[in-house]
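Work through the exercises below with the sequence and the coordinates at hand. Each task is followed by a stepwise solution.

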Amino acid sequence: TVVYLKVPFEEIEQRLGNISGRGIVLLSNQTLRAMYDGRVPLYERYADVTVDCAGRDFEIVVGTILAYPVLSQ
């Protein structure tokens, strides 16, 4: 089961801060935004479950994930 934790770009950018020390792998001359824009359609296509994480605390996200019947089997 694939769970897509949907987070808006602006929130990811804020969480990461300076990405140079975060271990984010980008292609040569690729921006974080370009990577995000390229990956989101893949996440949306292949996810069995999508959880909106925008502005939500960790505990709420975990509770939401655990509430999906497909994940509690």
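**Exercise 1: packing of helix 2**

The buried residues of helix 2 pack against strand 1 (3-6) and helix 1 (9-16). The model is predicted, so local features need pLDDT of at least 70 and side-chain atom pairs pLDDT 80 or more, while totals for chains, interfaces and linings use all residues. Numbering starts from 1 along each chain as its sequence is written, and side-chain values use heavy atoms, with hydrogens and water left out.

Task: state which residues of helix 2 are buried, and where its kink lies.

Solution.
1. Helices (H or I, at least four residues) and strands (E, at least two) are DSSP runs, numbered from the N terminus.
2. Helix 2 covers residues 32-46, 15 residues in all. From first to last C-alpha it reaches 21 Å, close to the 21 Å expected at 1.5 Å a residue (1.5 Å times one less than the number of residues).
3. Its buried residues are L32, M35, Y36 and V40 (buried: under 20% relative accessible area, 1.4 Å probe, protein chains only).
4. The kink, about 25 degrees, is at R39, shortly before the proline P41. The bend is the angle between axes fitted to the seven residues ending at a residue and the seven starting there.

**Exercise 2: nonpolar cores**

Task: list the residues that make up the largest nonpolar core, and find which helix gives the largest share.

Solution.
1. A nonpolar core joins buried Ala, Val, Leu, Ile, Met, Phe, Trp, Tyr and Cys residues through side-chain atoms within 4.5 Å.
2. The largest one has eight residues: Y4, F9, L16, L32, M35, Y36, V40 and A47.
3. Helix 1 and helix 2 each supply at least two residues of this core, and helix 2 has the largest share, four residues.
4. A second, separate core has six residues, including V7, V49, C53 and I65.
5. Beyond its neighbours within four places in sequence, A47 is in contact (heavy atoms within 4.5 Å) with V2 and Y4.

**Exercise 3: the largest pocket**

Task: which residues lie nearest the centre of the largest pocket, and which elements each supply at least two residues of its lining?

Solution.
1. The volume of the largest pocket is about 440 Å³.
2. Its lining has 20 residues, with L5, V7, I12, R15 and Y43 nearest the centre.3. A pocket is an open set of points on a 1 Å grid over the protein atoms alone, where a 1.4 Å probe fits, with protein on both sides within 12 Å along at least five of seven lines; lining residues have an atom within 4 Å of a point. The volume is the space filled by probe spheres set on the points, which are joined across faces, edges and corners.
4. Strand 1, helix 1, helix 2 and helix 3 (58-67) each supply at least two lining residues.
5. Helix 2 gives the largest share of this lining, six residues.

Conventions:
Buried means under 20% relative accessible area, exposed over 50%, partly exposed in between (1.4 Å probe, protein chains only).
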